[in-house]
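Please look through the structure below before reading on.

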Amino acid sequence: MSDKTHELTLTVNGERVTRRVSPRLSLADFLREELHLTGTHVGCEQGVCGACTVRYNGEQIRACLMFAVQAEGAQIETIEGLTESGELAALQEAFYRNNALQCGFCTPGMLIAAADLLKHNPKPSREEIRAGLSGNYCRCTGYHAIVDAIAEACGSTEEEAE
Amino acid sequence: MKSPQFDYVRPNSLAQALAILAERGDEAKVIAGGQSLIPTMNMRLAAPSILVDLNHVPELTGIELRGKWLRIGALTRHAEMARSPLIARHAPLLASAAPHIAHAAIRNRGTFGGSLATADPASEWPACCLTLGARIHLASCSGSRVVPAEEFFKGVYQTALEPHELITYVEVPAAAQDMRYGFDELVRRRGDYAIVGLAAQARVGARGALKLFRPNDQRLHEVRLGFFGVAETPVLARRAAAALEGRPLTSEAIQDAQAALAEDFQPLGDLYTSAEAKAHMARVLLGRVLTAMSGGHSA
């Protein structure tokens, strides 16, 4: 085994970047440490918490469960790019209005997971919102406000059965 | 935690991948979706000296109907399984199982073949393959072979795969009109590994000339009940299936199958759920799945 590095070229938030990387570098660490895109958070590093959720060729993935070297030629979108494009603006506004974040650690992953849910299911029920976010942990809000925010953003008016 | 160092290779053909494995298979790991392998590497439970990335091997992709069999490439993602019209039409059991696998972000990366090769006792695809009588196709530099699902799973994370072999594709019998399927699992939270799960199939009514005489025959045949999360591998509950064979799916037949289940297996308890609780949950789940298959509603 060697400590050989590989040349990696990919597109991040619409910008083409080339770096040399060690194979063991995760995509999440690559985004944070090489590109200084620190909105992608690293929580559990085992795919459980969802804080590192990014888009890979248009679909949400865990950036901790992919090595950067595997992303050769890929299109990656992070919370920074998705914020700048305005794609998440309505969700972000709804999160703000509903106090759907406290410490903010889970929020980038929550927003990307929520946007992905709404892409595949534009009017989810509250139950479907909860199922859609089941892979993203929040240790502050108790989820209720997050579900409220997503329901508001997509105009879902259904009340939660108590 | 971060993975230890390794060499990385990205073959572009099956022949290339197999040649690398022939040379370095003992120290290599293949990576497809990586959704189980990377956590294992990050926790330093696996430290392959070389990682063979299969994501650019075109021979491992695609879903295709070939005669009476549906052929599923090992690299097919869980998300592709969930939305494929071919899977929905010819393997409805797999279509109903797919949304239960982990979370959307994981389903976008994790693969069908990877899940079989990992052989987690609580995962969905191994049990589905067992129930359907799938044929698992393996290849190495020295040739290819076919292993029936019933002989593939050997233990917790243990399979019939040799270090120099890959799963190339899996064949499942294309669903005939008279087949019925049922799938469900009990979990604390959507997307978690199942505490107990069940993939079920049965054929309803007579076949061939007999069908002319018994057009409304609702009796079950070829009943197969693949449980997961209860033992070191997925298991077929043969006694419970035998209790249903040749009978219509009445509440009495369902109760008999539930009673017979105790003779099929004594579940293994785990950190969170005792063996007794799992045995109870398996009985409840069997009742729910069979009731749903009979077209009824279960409490």
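Chain B has a secondary structure of 13 helices and 14 strands; helices (H or I, at least four residues) and strands (E, at least two) are DSSP runs, numbered from the N terminus. The radius of gyration of chain B, taken over C-alpha atoms, is 20 Å, close to the 19 Å of the globule rule (2.2 Å times the number of residues to the power 0.38) for 299 residues, so chain B is as compact as a globular protein of that length. This is a predicted model, in which local features need pLDDT of at least 70 and side-chain atom pairs count only at pLDDT 80 or more, while totals for chains, interfaces and linings use all residues. Residues are numbered from 1 along each chain as its sequence is written, and chains are lettered from A and ligands numbered from 1 in the order in which they are written.

Along the principal axes, the C-alpha atoms of chain B fill a box of roughly 60 × 45 × 30 Å. Of its 299 residues, 47% count as buried. A residue is buried if 20 or more other C-beta atoms lie within 10 Å of its own, exposed if 12 or fewer, and partly exposed in between, with C-beta atoms placed from the backbone. Two residues are in contact if their C-beta atoms, placed in that way, lie within 7 Å. Among contacts in chain B between residues at least 6 apart in sequence, 64% join residues at least 24 apart.

One sheet of chain B is open and has 5 strands in the order 4-5-10-6-7, with antiparallel pairing; two strands pair if DSSP finds at least two bridges between them. Its edge strands, each pairing on one side only, are strand 4 (63-66) and strand 7 (143-148) of chain B. From one strand to the next the twist averages 25°. Axes are lines fitted to C-alpha atoms, for helices over the stretch in contact, and angles run from 0 to 180 degrees between N-to-C directions. Helix 1 (residues 14-24) of chain B packs on this sheet and touches strand 6 and strand 10 of chain B, its direction making about 70° with that of strand 6.

How many residues of strand 10 of chain B are buried? In strand 10 (residues 166-173), 7 of the 8 residues are buried, so this strand is largely enclosed by the rest of the structure. Strand 10 of chain B runs antiparallel to strand 5 (residues 69-73) of chain B, with 5 bridges joining the two. Within that pairing, B:I72 has B:V170 as its bridge partner, and B:L70 has B:V172. Strand 6 (residues 135-140) of chain B is also joined to strand 10 by 5 bridges in the antiparallel sense. There, B:R135 stands opposite B:E171 of strand 10. In a regular strand the side chains alternate between the two faces of the sheet.

Another open sheet of chain B has 4 strands in the order 11-12-13-14, again with antiparallel pairing. Strand 11 (179-186) and strand 14 (235-236) of chain B are the edge strands, and each pairs on one side only. Between strand 12 (residues 196-204) and strand 13 (residues 220-228) of chain B there are 7 bridges in an antiparallel pairing. B:L198 stands opposite B:F227 of strand 13. Helix 8 (residues 124-132) of chain B lies across strand 12, strand 13 and strand 14, running at about 160° to strand 13.

Chain A is divided into domain 1 (6-82) and domain 2 (88-153), with bounds from an automatic or database domain assignment. The centres of the two domains of chain A, taken over C-alpha atoms, are separated by 22 Å. In chain A, 13 residues of domain 1 are in contact with 12 residues of domain 2. On the domain 1 side, strand 3 (53-56) and helix 2 (79-84) of chain A each supply at least two residues, and strand 3 of chain A gives the largest share, 3 residues.

Helix 1 (residues 27-34) of chain A has the buried residues A:L27, A:A28, A:D29, A:F30 and A:L31. These buried residues pack against strand 2 (15-21) of chain A. After helix 1 of chain A comes A:H36, with a positive phi near 60°.

The contact between the chains takes 26 residues from chain A and 27 residues from chain B. On the chain B side, the elements that give two or more residues are strand 1 (7-9), helix 2 (37-42), strand 3 (50-53) and helix 6 (104-107) of chain B.
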